[in-house]
Amino acid sequence: MRRGLAAAVFLGVALAAAAATWTADNGNGTFTNPLFYDEFSDPDLIRVGDDYYLTGTTMHAMPGLPVLHSRDLVNWRLLGYACDRLDLGPEYRLEAGREAYGQGIWAPCLRYHRGVFHIFANVNRHGTQHFTATNPAGPWTRVPMRRSLHDLSVLFDDDGRAYAVWGYQEIQFAQLNDDLTDLVPGTQRTLIEKSAGMGEGLHFYKIDGRYFITSAWWDGRMRLVCARADTLDGPWQVNRDISVDEDFGLPEGNRLWKTVGPPFALAPGNPASRGRMSLHQGGIVATPAGEWWGFAMMDANSVGRLTCLSPVTWRDGWPYFGLPGNLGRTPRTWLKPDTGHASPPGAPYQRDDDFAGPRLANAWQWNHVPDDAHWSLTERPGHLRLHALAAPDFWHARNTLTQRAVGPESVATAVLDAGGLQAGDVAGLALLNLPYAWLGVRREADRFVLEQFNQFTGQTARTPLAGARVWLRVSCDFRREAATFSWSADGAEFHPLGDAFTTVFQLKTFQGVRFALFAFNAAGAAGGRADFDSFAVAEPQPRGLTRPIPVGRTITLVAHGRDVALGVKAGALVVVPAAEAAAFAVTDLGRGRVALVTPDGRRLTVAAGRVALAAAEGEAGAFQWIETLPGDLVLLSLATHRYLRLDDGTGAVTADAPGPEPSRRDGVCLDWRFSSPKRYPTMLSFPEAFSLRGEVALITGGGTGIGLAMAQAMHAAGAHVVLVGRREAELQAAVAALGARASHAVHDVTDFAAAESLVARIEREVGPVSILVNNAGIHLKKPAVETTTEEFQKVLNTHLLGAHALTKAAAPGMMARKHGTILFTGSMASIFGIPLVIAYTAAKTAMVGLVKAYSTEFAGQGVRVNCIAPGWIETEMSRKALDGDPARKAKIFGRTPMGGMGQPEDIGWAAVYLASPAAKFVTGVTLPVDGGASIGF
């Protein structure tokens, strides 16, 4: 059984971060929305003493009604589920050709009263269900009510009575009877008329003697509205502007308005649309310290509906989401609530599962009610066994195990042993959505076939599978709404299968995309079994910033999608062409806040909504550094609580924008870039001269040997190192040993076309690559006359063309920033002849010429290029080569004046020197690190 999949990797490229899954807590006293970057819809949240509890919609997924607990409103822990099963007929079991997609548990209301927790949730065609527990972790008891109350909310009033409100637009009201199973006869009435502007998804409160009801409302744009009255008899006032247009800059994505097909009529997203994605359904909660906070969901395209947290500002008796000066708009990043408790950053779900425990990981939910007789964790210990039941397709397959996909990007990898499948069985990994897609193994009469099915296109890609054990992977990018499937026979080298799959937002399942493990028999009979060894989810961007704040660096600010930038002319702040962008130093003010400082020491300073340059201190010169959901930078002024805006029409720079627009072309969404090269004093201190602090080093072949030694040395010198290679397990082990400031990427350097995407992703998720180490290589020991053209070309592809592809990808950014170092790992074979390695010698000799050519071309652009030629270095590979060849070992030792062999760290420290400011005037050289072998007798 394989256990090396604690973190999955990506097709072509994967970055492993120390934090495995999304958390909203930034670890610096701030948080970034959403609370969870996966489907959590129709939230309801309450406080009981110092504790907070949260639940939400789960539709047809079982178990349902998650109950989460928090002490700080940001970090949540899953206590359990209030509803283990909701078996209300064959459609809930996927029997008789029926299904309950998008039905089941909707819009729950969570309450606590006199020692009992209550959840009320309506189920279409089956009435409202009432769940109770004295312990929020369970057990819970379900009692059906005698009514169906759409999107209800319950208030236990201080007069001892319980009241319910429900409905859509026309809000109904009634008193509940003592056992909370029905309405008190004669108490139902219309509380708020249809024309008043209320919607659905109600939350009912009594605050300081006044009644409040929040609801979601659609009037061409999503919004959260609120009604209030001094008494239940009214009159009721409605405020439609409690939260409006807050979508954190997310453009509308793909839509499937008609949930029928195939064929499917896909409506492409409209970036110009405003308000369709905005925060809407939610409510409010108070902390013991008297702070008020809002919670609400937003539609976030195909990843699903996300729950977000908002500071609340009371104004004229209304609980506006947002900050003073910008009511109705929620900052994506803000200070954590003052709850009196400090919780470490964490996430509620365990997504990875090795299936070795007595229970499934808590993120799993079954697609509809499972058949417990046909799945097991004990029949084959350490595996999830799914018995294949008859089904016409994946959509109707029973015992499909699902969990929410995670944004903004996530990659799921499942290891499947298909040896128990029978003819007609299909088992694998899927994306559950409408349309859906899957990658799986089909058992034919005499063989296994790997298939990738795309319901949107109706196409199936197939390839024979030699063995029964296979790694299945799907990589999802929810910003681009695209997913790709790949597979591997060894868990190291993955191969794509099928075309990219387009993910969409749809209202059939009323859920976001879900990862799913499945097995069914398409031949109409019960089949064999599928054994899943493990499942893992990797997330390359588990934090609110995709790029770290460039503290201490100098940057330019360019309006996204427009050729204008923040500039300085005649000492004044103005909008200029992008080519004339001014440079600003980023000064850390703590808690994700910065000052932007010009070379003469003046700050961007806000006064009366205008931005100027001044020697200001305090909030006038401070900005909260925030990224939009698409990844653009926005700067929130602490003076106005509005956003910096470049107005190229007037040339003015203001801090008056309420928020970013989804078009991303509003002058609020910014692209930041490193500006000038690093400038060093004429004489650095000794530690500074060899420091790599703030650098990002991409090291190919970085998982073992000399590559790992260079990574270790550069890491010790302060760099963030990204280890690149083909073997996942080695990279993971190396990153784990290095700890913080270490990532890894799975990449084959001979995949030339993937080089640009590798560099782009690293720069997006870690930071600009300022050091590139072309170290990857292969060895071929063979007489020259026996070396084939294909073998020769393979060596050249790895050492030369692969290095050239990565250099082409990384060098433009370095030159634009006027700062970068490119290193090559050469060889003594380029200095003197070595028999039996003709291809290797040719590659390494050509590399020396390559370094000289690069260095002359790049030198004027602030990029240095050098080569290290290692002598005989003691590595695992060299030990294996020499231990059985004492004559060769003696010859090597005899040729090296310093005696013996070098150590990997000797190469590592040489690389640090060549990449550091100490070598700022060194380029185009090949540095032998060989104990004198190249000059000895």
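**Figure 1. Asn774 and its partner across two parallel strands.** Asn774 finds its bridge partner in strand E59, and that partner is Phe824. This view, like the others here, comes from a predicted model.

**Figure 2. The open sheet of 7 strands.** Stepping back from that pair, we meet a parallel open sheet whose strand order is E57-E56-E55-E58-E59-E60-E61. Which strands stand at the edges? They are E57 (742-746) and E61 (926-929); each has a single partner strand, so one side of each is left without a neighbour in the sheet. From one strand to the next, the twist averages 20°.

**Figure 3. Two helices packed on the sheet.** Helix H3, residues 728-738, packs on the sheet and touches strands E56 (720-725) and E57; the direction of H3 makes about 170° with that of E57. Helix H9, residues 904-915, also packs on the sheet, where its contacts are with E58, E59, E60 (863-870) and E61. Between the directions of H9 and E60 the angle is about 165°.

**Figure 4. A closer look at helix H9.** With 12 residues, H9 reaches 17 Å from its first C-alpha to its last, close to the 16 Å expected at 1.5 Å a residue. Which residues of H9 are buried? They are Pro904, Ile907, Gly908, Ala910, Ala911, Val912, Leu914 and Ala915.

**Figure 5. Helix H5 and its bend.** Helix H5 runs over residues 789-817, 29 residues in total. From first C-alpha to last, H5 reaches 40 Å, close to the 42 Å expected at 1.5 Å a residue. Where does H5 bend? Look at Asn797, where the bend is about 45°. Just after H5 comes Lys818, which takes a positive phi of about 60°.

**Figure 6. Strand E16 between two hairpin partners.** On one side of the story is strand E15 (residues 200-207), which pairs with E16 in the antiparallel sense over 6 bridges. Ile207 stands opposite Arg210 of E16. The hairpin of E15 and E16 has 2 residues between the strands, and Asp208 in the turn has a positive phi of about 50°. E16 also pairs with strand E17 (residues 222-229), again antiparallel, over 8 bridges; here Thr214 has Cys226 in E17 as its bridge partner. In this hairpin 3 residues lie between the strands, and Gly220 takes a positive phi near 100°. How many of the 9 residues of E16 (residues 210-218) are buried? The count is 7, so E16 is largely enclosed by the rest of the structure.

**Figure 7. Arg351, a buried arginine in a loop.** Arg351 lies in the loop between strand E25 (333-335) and strand E26 (365-367). Its relative accessibility is 8%, and since buried means under 20%, Arg351 counts as buried. Leaving aside residues up to four places away in sequence, Arg351 touches Thr21, Asp38, Ala363, Gln403, Arg404, Val406, Phe535, Val537 and Glu539.

Terms used
Residues are numbered from 1 along each chain as its sequence is written. This is a predicted model: local features need pLDDT of at least 70, side-chain atom pairs count only at pLDDT 80 or more; totals for chains, interfaces and linings use all residues. Side-chain values use heavy atoms; hydrogens and water are left out. Two strands pair if DSSP finds at least two bridges between them. Helices (H or I, at least four residues) and strands (E, at least two) are DSSP runs, numbered from the N terminus. Axes are lines fitted to C-alpha atoms, for helices over the stretch in contact, and angles run from 0 to 180 degrees between N-to-C directions. Contact means heavy atoms within 4.5 Å. The expected span of a helix is 1.5 Å times one less than its number of residues. The bend at a residue is the angle between axes fitted to the seven residues ending there and the seven starting there. Buried means under 20% relative accessible area, exposed over 50%, partly exposed in between (1.4 Å probe, protein chains only).
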